[in-house]
Each structure stands twice: as structure tokens, then as C-alpha cells.
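Let's take a friendly look at this structure together.

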Amino acid sequence: MKLFDLSTILDEDLGFSLREIEKAIFFIVLAVFSVTLLAMATFGGEYLSGYGLERLLEFSGVLKKGWMVRHGDLFLHEIQTLFIVTFFVEIILIISRYMRGWKL
Amino acid sequence: MHAGYGEAARRLEIAGRMPEKNDFGIVFLVIGLFLVFLGLGMFIPAAVDAAIDNPDWQVFVVCACFVTFIGGLLFLLNRGDYSEISIRQGFLITLSTWVAIPLFGALPFVYSDLDLSYTDAFFEAMSGVTTTGSTVITGLDGLPPGILLWRSLLQWIGGGGIIVMGVAILPMLKVGGMQLFKIAAFDVSENFIPRSVKLALSLSFLYIGLTMICALMLWLAGMTAFEAACHAFTTLSTGGYSTSDGSIGHFDSAVIDYVLSFFMLLGSLPFILYLKVLKGQPMGLLRDSQVRWYLLMLGVVIGALTLWLWTGGRFEFDDALRYTTFNVISVITTTGFATMDYTSWGMLSVAVFFFIMFIGGCTGSTSGGIKIFRFQIMFGVLKSQIKRLLWPNGVSVVRYNGRTINHSAVESVFIFVFLYLAGVMLLALALTLTGLDFVTALSGAGTAMSNVGPGVGILIGPAGNFRDLPDMATWLLSFGMLLGRLELFAVLVLFSPQFWRS
């Protein structure tokens, strides 16, 4: 039993190129930025929508005035929970769409 | 099978060839590329420190400019017409990248207020990038956020690199039986973006997405947004750096413990299988025998230790389950977070934690160690040998995941485990020569090679720190971490004259 059977390993092709490494690094960095932006946009969108809805309910009299001041923590907690669910679904959709027609 | 005449002639022709300039040019080029992005990454902690008016932001900016400049220079000077990468270049690129990143990533630790020596700074950076989690820094609770974030980011970058390396590179290099995980995605050519890039990108989406969800859940569970972000970076990467000297014990929250346990577990499962689940195979994870073995083993260890602690009267059942679940998952996934000093639970726990640190998670994940699939294959060989003794004329084959494994893969696994254990012994021996006691040396070698983090004993145990080690021991452990992270072979192959000749 040899510790290193290099002769068989070194003769094989690796299967990817420098161009792929460059592309992969570039796309990964791009993915970091785009997913961060998506997360910020989703969270911001949900927060503002929730805030707008709360203002509307306050205005229509369903909620008492100043509800947000008293329930700020609860509101943030609900938005965070909602964000986790929507963001998770978004990530699943992105990856599924990206891998369409691709057999693993 | 004998190679044909043409093949033999080609081998003879290249036998005496020394490495050409291009062999190294492409290596420097790729290092340069990574350094540019590492340098750009340093602007993130700089921005965080600048936001709270901490003077360390200047250190990060200067280091960022320097690293980006060096990286840019390497990239531009070596720009050229390179075709496909050879296996030798693949090995060189893999190793040199894992050395270059901590080499330059250590700079902020040296020039910040921490005032670490370069030896300690390199250890901290290497421990970060290899997702080991051993630290030389004390007083974490009072450190500026930039440094804490940089440590976490190094682990996160390392974790991402390990996933891509485990899925794309190591199977190609046939390291320690990893050829079993060569996936079809690399064998199919496509016109636009090659599938290896697509795969890397899909895994990145998943890694980033899971990190963000982990951060949000930790925030919900009671951490501050900054603590949640730092811990999410080091949880998915199974790194284990914390923002507090007390590690996760500082938060003393069962919810945080369970959230972290869940995400450490996610980080230690094969990421490629998550993609299968997303591709419409919901049972893809559980169908994999490696995952089944892993979860079964986790269940057995956690169950047994919980019962032992509970029936021994040390903890109530819920506390015993909480502490055991967290600490066992932390060590077995090679994360290294701690909620308490589990070595104080008794000799059984010391022995259990010492042995499980070598097991590690699944291949294609961010965790280190020997990895479950190698134990499966060794068990398969054992079964086959017993069958042969019972039925000498029967045919018995070794199977993994329903497929028959060829002899060379089995050989690779045994060689890997042999080298791994020999490496731990030699490293432990070298550490004792620097003046460390045997328990510290052996557990230090084990924790470094398995990329776990804490060792066993007062000095480097879960309640200890690596700061008091002699410089030589620090360098040796840094080498051990690299060796373990690159699955030994990718480093050791460079010491073979044949590698440089052919």
C-alpha cells in the first residue's frame, strides 16, 4: 500500500479553469451583496408595511392611539419572525429558480 | 491495467520536467485575487469601528489598502494566458490560499490595540480561517466591535471556502477517499457559466441565507444585533469564536443554546444535500447514509450523557439535556462554543469529549475531524473481513450509500486515518518538547487537527486560553490546524519529491 499514489492523480485533468475560479469568486462576492440587499429590502419593506398598517388601524380606531409606543418590542418581534419566514422562502425560491433544469 | 505506449511515452516525457514559471504564475494570480477580496472585506470592520468612533478603524483601513495593493499587484503581474489548471496547480493553489489569507488576515490583530505578537496574530487568523476557534485573545467582552467582527468574518470566509473546497476541489484531488463525492455537476459542460461556478454560487446563496436566518433567530432569542451577527458568522461556519470570554455561557439562555445547536448541526451536514432538498427531494438528507449515521451517533451520545448526568444527580433532566445537547453538538461539529467547563463533569465526560472531537461532521460541510463517511467505510471493511472469515469462498464487497466502493477509495480512507492519527501523535510529541504537559499536548494536537477549538485540561480547556503557550507551540498548532483543514494529503503531498518532479 503506497502512501501517495501520485502518478495516477497527477495525470488526471482537474476539470475547471482559472476563468471559472475568477468567475466563482466574483459571483460569490456579488451574491453576498445581493442577498444582503435583499434581506435589508425585505426587512425594511415588512417593517414599513407593518408600521403603515398599524398607523391605519390607529387612524381607523381599531387600535388605541399610541399603541406602537407601548408595544414597540412586540411589534419588532413579530416583524422579525415574519422576516425569517419570508426571507427563508425567498432564498429557497432564488436557489430553486437558479438550479432549474439542473440535475444533481 | 497497463498504460498504452503513447501514455507511457507521455509520462516519460514529463517525468523529468521541473515546474515551469506558469505553474507558480497562476498560483500567485489566484492568491492575488483572494487577497484583493480579503482587503476589501477589511473595510467592513473599519466601517463598524468608524461608526462608533473607535480609532481602530484607521488600522483596518491601512491594512485593507495594503492587502488590496499586494493582492492587486500579484494579480496584475501574473495576468496571462492560462488554460486548464493541472492537478499540481490545484494542490498549490489550495494550500497557498489557505496560508496567504491568515498571513495577511492577521495584520489587523497586530496593529490594533490588542498589541498581539505576529505569532499570536497568525494563530488567531489561522484558527479563524480554518474555523478552529482556538483563541489567544482575552478580555473579549471589552474589545472594540471591529476586531470581534473581523474574527467572526474570518471564520465565515473560511467556512464558505471549506464548503466549496469540500464539494469542488478535494474530490478532484482524491484526498482521503473524497473521490466518492465527485459529483456529476462537474462532468457536464455548458456554454455560458460552467456548472462548477453555478454550484459554488448556489451553495453561497444557501450559506449566506442560513447565516442571516441564524442571526435573526439569535437576535430574537435575546442577543444584541451585533452579537447575533458575529455568532451567526461563527455558527454556520462551525468556527466557534464568540464575543465574550464566557463564550455562549455568557448569555445563559436555553433558547440561545438550542438555536445555536440547531444551526451548528446544519453547518455540519453536507450542503450539497440541502440543494437536493430544494430540487424537490425532501427526503434527500435522510436518504444519505452518512447523515443517518451522524444523527444516530449524535442521538446516542447525547442520550447517554444526558442520562448519566441526570441519574448522577448533577443536573435536572432539562438542564442535563440542554448542556449535553449544546456541548456535544459543539464539539462533534468541531465548532468549539462552550456553555460550561464540561471537563468538570467527571472523567467519563472528559473521555467522551476527547474522542468525539476526532469524529467531526459530514463531508461537504464546514466541520472538520475525520468525518463520518470514513468511519462508515472502515466499518464496512470490518464487516467484509468478518464475512470473509466466516465464508472464505464468498464474495463480499464494501458499500457506501448503496454503491460498491473500489479498492483505491478504501485504501485512501485507511491511509487518511492512519496519517491523521500519526499526525496527532507527532504533533503531540512536538508540543511536549516545547514544555507542555502530556494532556495539554495531546488534546491540543487533537483539537488543532480536528479544528475543534478548546482542548482538555486547565490551560487550553473550555475555560482556558491559548495565550500562555510558548511561541513554538503556537506555530506548531497553527500548522496542525492547516493540516487538518486541508485533510492532510493536500499539505503532505507537497513534501513528496515526486510531486515536484512529475
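This is a predicted model: local features need pLDDT of at least 70, side-chain atom pairs count only at pLDDT 80 or more; totals for chains, interfaces and linings use all residues.

## A helix and its cover

Which residues of H17(B) are buried? Among them are B:Ile372, B:Phe373, B:Arg374, B:Gln376 and B:Ile377.

Helix H17 of chain B runs over residues 372-390, which is 19 residues, and at 1.5 Å a residue it should span 27 Å. Its end C-alpha atoms are 27 Å apart, so the expectation and the model agree.

## The whole chain

Now step back. Chain B has 22 helices and three strands. Its radius of gyration is 23 Å, close to the 23 Å that the globule rule gives for 502 residues, so chain B is as compact as a globular protein of that length. Along the principal axes, its C-alpha atoms fill a box of roughly 70 × 65 × 55 Å.

Of the 502 residues in chain B, 56% are buried. Among contacts in chain B with a separation of 6 or more, 71% are between residues 24 or more positions apart.

## How confident is the predictor?

For chain B the mean pLDDT is 86, and 90% of the residues reach 70 or more. Over residues 1-19 of chain B, however, pLDDT stays under 50, and the model has six contacts beyond four places in sequence for them. Residues 185-194 of chain B also have a pLDDT below 50, with 13 contacts in the model beyond near neighbours in sequence.

For the complex, the predictor gives an ipTM of 0.74 and a pTM of 0.86.

Terms used. Residues are numbered from 1 along each chain as its sequence is written. Chains are lettered from A and ligands numbered from 1 in the order in which they are written. pLDDT is the predictor's confidence in each residue, from 0 to 100. Two residues are in contact if their C-beta atoms, placed from the backbone, lie within 7 Å. Helices (H or I, at least four residues) and strands (E, at least two) are DSSP runs, numbered from the N terminus. The radius of gyration is taken over C-alpha atoms; the globule rule is 2.2 Å times the number of residues to the power 0.38. A residue is buried if 20 or more other C-beta atoms lie within 10 Å of its own, exposed if 12 or fewer, and partly exposed in between; C-beta atoms are placed from the backbone. The expected span of a helix is 1.5 Å times one less than its number of residues.
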